[in-house]
Amino acid sequence: MLSIDKSLQFEGLDNFLYVSSESVTNTILLVDDEINNLQLLKRALRGKYNILTASQGAEGLDVLKENIEKICLIISDHKMPVMEGTEFLEKANEIAPDVIKILLTGFSDIEILTDAVNKCNLFQYIMKPFDPNELINVVESGIEKYNLSSSRSLMMKDLRELFYKTIKSISATLDAKDAYTHGHSMRVTLYSLMLAKTLYPDDEEFLQNIEIAGLLHDVGKISIPQRIICKPGKLTDEEFQIMKSHPVCSEKLVDNIKQLGQIGTWVKAHHERWDGRGYPDGLKGEEIPLSARIVAIADTYDAMTSTRSYRKALEHMEAINEIERCKGSQFDPELAQKFIDMQDLILQAKENPEEFYAKYSVLQKKVAENIHNM
Ligand SMILES: [Fe+2]
């Protein structure tokens, strides 16, 4: 049976792809109020699995909670005093939706059984008296299903983590090209997320894409010579033309990853201006994707409030006044106003970017979440 070796944490692609063929001993919870039935079940499954038992529903729930990391399958009797098997399994399903649930029943009423299957997320019911071989077959296929879904979830979690860490590394590498832009991409992403959240606070997909766009907006600068990026003085016209090629290059790089969908178009447009005097396409007003209009404000605010090789940082209020001045020319007036309205929060974020980023990041949250929610 296949299982991910959990001792191998994310340390590299080899480990990430590693799947162990070593078998693990699975833990099964048996719940039955009749001692003889419990003994019968234990005997049928003896030697192959770790067995935990409970003689009633409430006790079964306690055992499940205490051993939630271990239990992969539950077998419950149907007819039990105080809490019936279906009620127990329904509650168990709320605690551990991915654990396989099997009901042992003497009922043959198809309506009752169908209802139980749906309510309890039953893998299968087995009629009593049960045939031990049938029981073993059902348990084995249940455990196989559980292990496959766990492996898939772990793989998904690792893939998500790999993706997140990769784009964070790319943007950090980019910022490291110039000592003056340290942390720039992360802060642009943070301010973009904060502004986007005022528009669509619950649209997780939009916020996640804004985060990716923020982290990768300048990725095309990888193609710009270091002497231009770090030049202490004003760029010549020729150098400026080279610098202006970075949004198109960002788009090309992002478009290589088809899963990133339209984010390529967004990063290409982050130097467009509301009045149409931006680059590379001279897009105007709402022709510019919303996310690019958001990133443009965040990018400019961070550029103004950071010291660069050719000038000192502006104070927060000077940058806010500049955004106010450029409302409707460089920036989407409504978005710029929203940014100005939340300036106190922006200032706090500027002073504690790591702390605020952890609070606003959608990707970080998803990586940290329990695998079952992914
Ligand atoms: Fe840029």
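Val82 is placed in the loop between strand E3 and helix H4 (85-95). In this predicted model, the phi angle of Val82 is near 65°, a positive value in a residue other than glycine.

Two other loops hold a cis peptide bond. Pro280 belongs to the loop between helix H12 (263-268) and helix H13 (290-304). Here the bond from Tyr279 to Pro280 is cis, with omega near 10°.

**Domains**

The domain assignment divides the protein into domain 1 (13-154) and domain 2 (176-373). Between the C-alpha centres of domain 1 and domain 2 there is a distance of 50 Å.

**The sheet and its helices**

Five strands form an open sheet in the order E2-E1-E3-E4-E5, and their pairing is parallel. Strand E2 (50-54) and strand E5 (124-127) are the edge strands; each has a single partner strand, so one side of each is left without a neighbour in the sheet. Direction ignored, neighbouring strands of this sheet are turned by 20° against each other on average.

Within the sheet, strand E1 (residues 27-31) and strand E3 (residues 71-77) run parallel and are joined by five bridges. In this pair, Ile28 stands opposite Leu73 of E3.

Which strands does helix H2 touch where it packs on the sheet? Helix H2 (residues 35-45) touches E1, E2 and E3, and the direction of H2 makes about 160° with that of E1. Helix H3 (residues 57-66) also packs on the sheet and touches E1, E2 and E3. For H3, the angle with the direction of E1 is about 165°.

**Helix pairs**

| Helix pair | Axis distance | Angle |
|---|---|---|
| H7 (residues 184-199) and H8 (residues 204-216) | within 8 Å | roughly 155° |
| H7 and H16 (residues 343-351) | 11 Å | about 155° |
| H14 (residues 316-325) and H15 (residues 333-341) | within 9 Å | roughly 155° |

The axes of H7 and H8 cross at roughly 155°. An angle over 145 degrees counts as roughly antiparallel, and H7 and H8 are therefore roughly antiparallel to each other. The crossing of H7 and H8 is right-handed. On the H7 side, the contact is made by Ser185, Val188, Thr189, Ser192, Leu193, Ala196 and Lys197. H8 contributes Phe206, Leu207, Ile210, Glu211, Gly214 and Leu215. By class, the residues of this contact of H7 with H8 are seven nonpolar, four polar and two charged.

H7 also packs against H16, at an angle of about 155°. That makes H7 roughly antiparallel to H16. Is the crossing of H7 and H16 left-handed or right-handed? H7 passes H16 in a right-handed crossing. Leu190, Tyr191 and Met194 of H7 meet Leu345, Ile346 and Ala349 of H16. The contact of H7 with H16 consists of six nonpolar residues, with no polar and no charged ones.

The pair of H14 and H15 has axes that come within 9 Å. With a crossing angle of roughly 155°, H14 and H15 are therefore roughly antiparallel to each other. Their crossing, that of H14 and H15, is left-handed. Ile320, Ile323 and Glu324 in H14 meet residues of H15, namely Ala336, Phe339 and Ile340.

Note on methods. Residues numbered from 1 in each chain as written. Predicted model: local features only at pLDDT ≥ 70, side-chain atom pairs only at ≥ 80, totals over all residues. Axes fitted to C-alpha atoms, helices over the stretch in contact; angles between N-to-C directions. Helix = DSSP H or I, 4+ residues; strand = E, 2+ residues; numbered from the N terminus. Parallel < 35°, antiparallel > 145°, perpendicular 65-115°, else oblique. Left-handed = near helix turned anticlockwise from the far one by under 90°. Contact = placed C-beta atoms within 7 Å. Domains from an automatic or database assignment. Pairing = 2+ DSSP bridges. Nonpolar A, V, L, I, M, F, W, Y, C, P; charged D, E, K, R; others polar.
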